[in-house]
Amino acid sequence: MRVIDHLTPGSPTTFSFEILPPLKGNDIDRVYSIIDKLREFDPKYINITSHRSEQIYVERPDGSIVRSKVRKRPGTVAIASAIQNKYDILTVPHIICKGFTREETEYALIDLNFLGVHDLLLLQGDAKGPDKSSDPAVVNLHATDLQRQVNDFNVGIYADGSKFEANATPFSYGMACYPEKHESAPNMESDLYWARKKVEQGAQYLVTQMFFDNAKYFAFVERCRQAGITVPIIPGIKPIVTMRQLTVLPQVFRADIPEPLAAELRRASSDADAAAIGVDWAIAQCRELIAAGVPSLHFYTLRATDSVRRIASQIY
């Protein structure tokens with residue numbers, strides 16, 4: 001089955017979550033421990049994030065400083081395959097534009113096909129660090145460019161335009177959307193334009209950036225439907241786990257925190273208090289979303305696995 005097969009209208013709301021590959025040099029056991037904590041809730045798929053190289057500055061023995069690139073979390077392709085084979089759970093690796101050339105993306109697609117992983121989430125990726133090129137022949141500048149490369153690969157066209165016998169199983173994919181507008185979009189109408197373009201080019205479903213106000217999700221879905229976007233729109237849920245996230249999450253992810261939640265967090269005296277508040281808020285969010293018939297709840301588990309487990313135990 002594919003992700004889209006678990007999102008049929010009228011079916012129960014499914015459970016899925018996103019995990020990070022381990023830091024370079026670490027083994028996969030920490031990833032397995034997260035899955036072991038959450039598998040009892042019958043996840044229909046697990047997303048595996050991808051990360052670009054970062055610029056770091058290294059001091060040499062002679063005291064000079066050199067700039068270097070390092071990928072702190074490699075292994076998205078391999079870990080997706082390992083999880084799918086170990087747990088027999090559908091895995092969805094993230095494929096991103098930023099930090100990767102079209103050729104590198106092509107080799108990732110070749111490897112994923114060999115490994116039997118055919119569901120993807122296509123993303124632009126964060127802008128941290130310099131790009132390898134600004135030439136659209138070398139890199140995909142936008143998620144829709146990446147999408148066209150995957151579409152070409154599905155019909156047997158390499159990045160250089162040469163042809164090959166198309167694989168028996170094409171890739172299917174979802175893409176991102178933003179209930180509170182992408183940070184680079186000039187307005188919501190522009191954001192909806194690009195969401196519609198993603199669907200027109202083959203995105204089978206959309207997954208939202210995290211949000212904490214369900215009214216914004218419902219309003220966004222309604223605007224999408226009015227704009228002719230009919231694919232499933234999966235809400236992304238991130239439970240707050242520290243007091244600091246009250247200010248950090250709006251800065252980093254451009255997600256507003258409703259005043260009732262913010263007021264509760266301001267009264268927290270410890271991160272444990274904040275995590276308990278975050279769990280209660282997310283449970284209420286999820287119950288309302290399930291009552292509205294959303295196809296799936298997708299959880300962002302970074303530093304929040306235990307909270308996600310507490311939430312899932314109350315709603316699944």
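At what distance from the ring centre of Tyr87 does Lys86 lie over the face of that ring? The legends below, which describe a predicted model, begin with this residue.

**View 1. Lys86 over the faces of two tyrosine rings, Tyr32 and Tyr87.** Lys86 lies over the face of Tyr87 at 5.5 Å from the ring centre. Lys86 also lies over the face of Tyr32, and here the distance to the ring centre is 4.8 Å.

View 2. The relative accessibility of Ser81 is 9%, so the residue counts as buried, the limit being under 20%.

**View 3. The closed barrel of eight strands.** The strands follow the order S1-S2-S5-S6-S7-S8-S9-S10, with parallel pairing. On average, neighbouring strands of this sheet are turned by 30 degrees against each other, direction ignored.

**View 4. Strands S6 and S7 of the barrel.** Strand S6 comprises residues 119–123 and strand S7 comprises residues 172–177. The two strands pair in the parallel sense over four bridges. Leu121 stands opposite Gly174 in S7.

**View 5. An edge-to-face pair formed by Tyr193 and Trp194.** A pair of aromatic rings is described by the distance of the centres and the angle of the planes. The count of aromatic pairs comes to eleven. One of them is the pair of Tyr193 and Trp194, with 5.0 Å centre to centre and 85 degrees between the planes. The angle is over 60 degrees, and the pair is therefore edge-to-face. Tyr193 is partly exposed, with a relative accessible area of 37%. Trp194 likewise counts as partly exposed, at 40% relative accessibility.

**View 6. A stacked pair formed by Phe211 and Tyr217.** The ring centres of Phe211 and Tyr217 are 5.3 Å apart, with 10 degrees between the planes. Because this angle is under 30 degrees, the pair counts as stacked. Phe211 is buried, with a relative accessible area of 0%. Tyr217 is buried as well, at 4% relative accessibility.

**View 7. An aromatic cluster of phenylalanine and tyrosine residues.** Phe15, Phe17, Phe41, Phe299 and Tyr316 form one aromatic cluster.

Definitions and conventions. Residues numbered from 1 in each chain as written. Predicted model: local features only at pLDDT ≥ 70, side-chain atom pairs only at ≥ 80, totals over all residues. Heavy atoms only, no water. Pairing = 2+ DSSP bridges. Axes fitted to C-alpha atoms, helices over the stretch in contact; angles between N-to-C directions. Buried < 20%, exposed > 50% of the residue type's maximum accessible area, 1.4 Å probe, protein only. Phe/Tyr/Trp six-rings, centres within 6.5 Å; stacked < 30°, edge-to-face > 60°. Lys NZ or Arg CZ within 6 Å of the ring centre and 35° of its normal.
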